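Subject: Structure for your files, with notes

Hello,

The structure is pasted below. My notes on it follow.

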Amino acid sequence: MLRILYLTCCLLVLFTTHTFAAPQIKDFSADSEFSGVKISPDGKHLGVILIEDEKRTLLILNLESMKPTYAVKFSGDEEVGSYYWVNEERVVLQKLYKHAQREVSDYYGELLAVNFDGSKSKYLFGYNSDTSASTKIKSNGGIQATAFVLDTLKDDKDDIFVMAYPWNKQNYTYTEVYRVDVYSGKRKRLTTSPVANAGFLVDNNENVRFSFARDKKNNDQLFYYESDEWVDAERIKGGLTDFYPLSFTEDNKSIYAIAHGEGATSAIYEVELATAKHKKIIQHDVVDPFMTWVSDQTNTLYAVEFENGYPEYQFVDTESAKAKALQQLMAAIPDHRIRIVSETVDGNTLIVMAMNDRNSGDYYLFDRKKLKLKFLFAENAALDPSDMSEVRPISFTNRDGVTIHGYLTLPRGIKEHKNMPLVVNPHGGPHGPRDLWVFNSENQLLAQNGIAVLQVNFRGSGGYGKAFEESGYLAWGSKIQYDIIDATQYVIDQGYADKDRVCISGGSFGGYSALMSPMLAPDMFKCAVGVAGVYDLEQMYKTGDVPESYGGEAYLEEVLGTDIQRLREMSPTHNVNKLKAKVLLIHGEEDERAPIEQFEAMEKALNQANYPFQKEIWKKEGHGFFNAENRAKYYEITLKFIKENLNVK
């Protein structure tokens with residue numbers, strides 16, 4: 001009861017009108033005040049994730065009074081992960097574990113269930129078959145598998161589909177699907193995937209119909225369930241590649257899928273299952289589909305979102321109720337990216353999230369019948385969007401005649417955006433991820449200090465078609481870096497940046513680029529900040545979680561190659577003699593993606609060359625900063641280093 005009262009007080013404070021002060025580093029580094037906002041199917045309750053005592057807590061509110069009815073908070077090292085409303089009273093949630101040795105939490109596949117008022121708690125699925133006294137959640141029989149909710153079965157209030165990955169000592173497993181009673185925990189195995197590490201698609205009659213995965217060579221695999229067995233679905237693809245099923249049509253006779261066919265970009269296809277006839281229904285000339293929207297009521301696709309500079313939307317059926325609701329929301333909250341994150345079973349009440357380059361996210365309640373929009377929460381109420389800086393899409397032609405897209409964050413309050421200090425911020429990946437028109441707290445902090453920030457979707461980035469992504473293969477230390485360098489020169493030539501005040505800072509692959517680009521263009525960058533970077537490409541085959549993963553070795557061979565001399569030519573550890581920039585290296589000892597050995601190799605190379613550098617090591621952090629206090633310290637150290645080297649007061 002004391003915890004409920006405490007959380008009620010917190011909510012009352014946050015619901016009051018804020019008087020914004022000048023934002024501080026701690027405001028930019030803070031965890032979201034609210035996240036994971038979801039409405040119950042009957043519209044009477046709301047679930048909200050809060051951070052309390054540095055742990056995720058699920059707070060359930062009565063929507064009419066906005067008063068808490070129950071708070072799910074574990075004791076010890078446990079916290080709440082993802083959660084799902086499975087009927088009007090019951091929630092299924094993941095249990096995560098925090099560690100003394102590292103900041104990131106681990107998920108071991110445990111699912112728990114509880115009613116909105118705290119009654120009928122149940123250990124639903126997981127390895128633990130003993131009663132948990134600390135959580136007072138009754139146990140079900142243990143199972144050695146990691147579970148994820150596959151489908152909440154909107155027409156069944158008692159059961160859900162759970163997708164489980166059995167534990168073994170391999171980096172692959174054959175996925176199983178169970179039907180699980182959310183009250184008793186009784187489960188029935190329905191099927192096992194025909195391929196390793198597979199996902200599934202359920203039709204509108206609650207039948208598991210598709211299984212899909214990538215094999216060890218990263219080739220697409222697709223199987224279809226018919227006549228009580230899994231059969232290869234190559235026939236259904238009809239010559240399309242990179243085929244991924246999205247949803248069924250209402251009659252279950254066709255599916256919507258994203259795939260590569262004609263043109264440079266991926267498209268949305270409607271595929272008739274009986275005949276394998278496919279019809280292209282949506283495609284963008286420049287970018288792949290960024291996000292697809294499937295109705296909770298009909299389980300059918302109704303909209304596709306693209307990101308060509310700014311967000312764009314195309315509709316499968318412009319007259320559908322859900323498409324109209326999304327269009328109404330776009331008109332009501334202009335210049336924002338709109339997300340329908342949750343809705344009631346009748347589709348009349350929606351939880352909406354709106355965000356843009358200056359706003360990390362606001363939650364709204366939308367009454368579709370009354371056309372009434374009510375503000376609920378801001379993810380970070382300490383940051384006033386009107387005080388944040390514009391993120392402007394840019395494009396240019398690189399040295400090879402290829403159009404490259406990116407974003408330029410322009411500091412607010414400057415009369416003329418000319419000859420500004422600039423930080424280049426390459427994204428991670430490099431293959432698959434891309435930069436977007438979104439709020440970036442680190443870039444906004446730099447802009448608050450009068451520093452412009454450049455982000456580049458270089459060759460190899462995802463989102464611009466398969467050929468564009470593959471053009472970055474075997475070119476980490478060449479074409480990709482030349483795109484970053486050419487983008488920097490473009491911004492200088494356009495008059496935005498002062499050529500004598502440019503730094504580069506990035507994380508993961510961006511950390512690699514932060515060191516590699518200044519080696520290819522030594523006179524362009526005054527300083528370089530490598531965060532959780534990979535610096536020795538040979539070592540990527542030996543350490544970290546990539547070579548250990550299923551298909552990891554094949555991935556490395558495809559994107560890096562195996563030519564040792566070429567790997568060394570592309571490795572910052574072998575090119576220190578080309579450096580002129582001041583260097584700051586930041587790394588976490590618990591990093592599994594770019595392990596501490598990568599930092600140590602770069603440190604050794606710099607020391608052997610007697611090249612001065614700064615370093616900051618976090619004992620408990622991994623591949624990024626998961627602790628707000630650590631993130632604030634990282635921002636403080638990085639900002640100080642950049643300002644000193646760019647002569648920013």
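Strands here are DSSP runs of E with at least two residues, helices are runs of H or I with at least four, and both are numbered from the N terminus.

This is a predicted model, so local features need pLDDT of at least 70 and side-chain atom pairs count only at pLDDT 80 or more, while totals for chains, interfaces and linings use all residues. Residues are numbered from 1 along each chain as its sequence is written, and side-chain values use heavy atoms, with hydrogens and water left out.

The pairing of β18 with strand β19 (residues 267–272) is antiparallel and has 6 bridges; two strands count as paired if DSSP finds at least two bridges between them. These two strands make a hairpin with 6 residues between them, and G263 in the turn has a positive phi of about 90 degrees.

On its other pairing, β18 is joined to strand β17 (residues 241–248) by 5 bridges, and the two run antiparallel. S247 stands opposite Y256 in β18. β17 and β18 also form a hairpin, with 5 residues between them, and N252 in that turn has a positive phi of about 65 degrees.

Strand β18 itself (residues 254–260) is mostly covered, with 7 of its 7 residues buried. Buried means under 20% relative accessible area, exposed means over 50%, and partly exposed lies in between, using a 1.4 Å probe and protein chains only. Both faces are covered: S254, Y256, I258 and H260 are buried on one side, and I255, A257 and A259 on the other.

The sheet β13 to β16

An open sheet of 4 strands runs in the order β13-β14-β15-β16, with antiparallel pairing. β13 and β16 (229–232) stand at the edges with a single partner strand each, so one side of each has no neighbour in the sheet. The twist from one strand to the next averages 30 degrees; axes are lines fitted to C-alpha atoms, for helices over the stretch in contact, and angles run from 0 to 180 degrees between N-to-C directions.

Strand β13 (residues 199–202) is covered on both faces, with G199 and L201 buried on one side and F200 and V202 on the other. It is joined to strand β14 (residues 208–214) by 4 bridges, the two running antiparallel, and F200 stands opposite S211 in β14. Their hairpin has 5 residues between the strands, and E206 takes a positive phi near 65 degrees.

At the other end of the order, strand β15 (residues 220–226) pairs with β16 in the antiparallel sense over 4 bridges. F223 stands opposite D232 in β16.

Helices α5 and α12

The axes of α5 (residues 441–448) and α12 (residues 628–646) come within 11 Å and cross at roughly 45 degrees. The two are therefore oblique to each other; under 35 degrees counts as roughly parallel, over 145 as roughly antiparallel, 65 to 115 as roughly perpendicular, and the rest as oblique. S441, E442, L445 and L446 in α5 meet Y634, Y635, L639 and I642 in α12, contact meaning heavy atoms within 4.5 Å.

A residue in a loop

A22 lies in the loop between α1 (2–15) and α2 (25–29). Its relative accessibility is 56%, so A22 counts as exposed.

Regards
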